[in-house]
Amino acid sequence: MNPPRMNAARTKPFAETKVGAEELHPVPLTLDGAAILHQMVSFDWTAWGKLDTAKQSKALAEFVGVFALWEGDSSSALYSLLGHKGDLLLAHFRNSFDELNAAELKIKQLGIFEFLNISSSYLSVVELGLYESSVKLYRELVAKQSAPHSAEWNQAVQDLLARQAEAMKPRLFPKIPASRYLCFYPMDRLRGEDKNWYQLPIAERQRQMEEHGQVGRRYAGKVQQIISGSIGFDDWEWGVDLFADDPLIFKKLIYEMRFDEVSAIYAKFGTFYVGIRCPAGKLGNLLAGETPE
Ligand code: FEC
């Protein structure tokens, strides 16, 4: 018996063969930077309340001694979380996963760790998507009849990434913004049977991301966004960190983006965490029931 005939359109990724679409490589280039860990913490208020004041002060001083150094170079930040999802959120931006792990282990050595229950966490790396340059480069390479992953193709990709990484270094390894409010959540792009982001031609994804960027840029100066990629690292595809001095901006921006094609059709969201920045030196006040100043 003859083997079942394969549909010719299925022998290649859909995105490269869709009628009328250019045959461009589907994967956008990205630049990857700082390693990020978010730790969501429930605090053991009852056990802490039973600890005598001298022991509380000692544990706090030890914590501040470590955390304030990290705050000094804006590589870690502490937030007081709103709602039932936790009490504290610790954000760490480092140069590598090894450095993140070192920070995590350091916290576990501190006396205060006895009262910290890490109820959730999220691991990701700062990601700058290069849709526009990818499409431009892929078109040039197609014009030169350079096949994906050939030596010439690989060299052109490497050259582009090296140039862009140099130009975007500060954005790849950002300091944690000093803003009073943080909104963090993970998200995916839809991979449904009918609507699948990953099966759209790259030029169409670029168009939708361009539209997304235009909406985002209207919020320049009011919000700072840091997008981190987490495919292969955590349960969702991206982490979104938004920093602002007015929490209402989060609602307005995210609501407006819901009307973007890329969000209206292809965005799926995880749990939202909203926190108020608390300098480590004020953790004692927070644990005594005072909202951070
Ligand atoms: O396919 C992908 O590469 C997806 C990665 C990605 C996600 C994502 C989600 C959100 N963003 C939000 C806010 C802003 C603001 C600006 C902005 C611009 C970009 C650009 C890229 C990009 N965003 Fe995005 N966003 C993702 C990727 N976003 C690429 C354009 C260039 C750049 O800035 O890197 C404007 C920033 C500026 O220029 O000032 C603000 C928010 C979300 C989650 C809500 C949603 O509906 O998607 C908010 C995933």
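Is Tyr185 buried or exposed? In this predicted model, Tyr185 has a relative accessibility of 5% and therefore counts as buried, the limit being under 20%.

The mean pLDDT of the chain is 93, and 92% of the residues score at least 70. Residues 1–20 form a stretch over which pLDDT stays under 50, and the model has 18 contacts beyond four places in sequence for this stretch. Where pLDDT is low, the predicted coordinates should not be read in detail.

A pair of aromatic rings is described by the distance of the centres and the angle of the planes. The count of aromatic pairs comes to 14. One of them joins Tyr185 and Phe269: the ring centres lie 5.8 Å apart and the planes meet at 55°, so the pair is classed as tilted. This pair links distant parts of the chain, with Tyr185 in strand E5 (residues 181–189) and Phe269 in strand E8 (residues 267–269), at a separation of 84 residues. Whereas Tyr185 is buried, Phe269 counts as partly exposed because its relative accessibility is 24%. A single aromatic cluster is formed by Phe43, Trp45, Trp48 and Phe115.

Charged side chains were also found over aromatic rings. Phe269, the partner of Tyr185 in the tilted pair, has Arg258 over its face, at 4.2 Å from the ring centre.

Definitions and conventions
Residues are numbered from 1 along each chain as its sequence is written. This is a predicted model: local features need pLDDT of at least 70, side-chain atom pairs count only at pLDDT 80 or more; totals for chains, interfaces and linings use all residues. Side-chain values use heavy atoms; hydrogens and water are left out. Rings of Phe, Tyr and Trp (its six-membered ring) pair if their centres lie within 6.5 Å; planes under 30 degrees apart count as stacked, over 60 as edge-to-face and the rest as tilted. Helices (H or I, at least four residues) and strands (E, at least two) are DSSP runs, numbered from the N terminus. Buried means under 20% relative accessible area, exposed over 50%, partly exposed in between (1.4 Å probe, protein chains only). A charge sits over a ring if NZ of Lys or CZ of Arg is within 6 Å of the ring centre and within 35 degrees of the ring normal. pLDDT is the predictor's confidence in each residue, from 0 to 100. Contact means heavy atoms within 4.5 Å.
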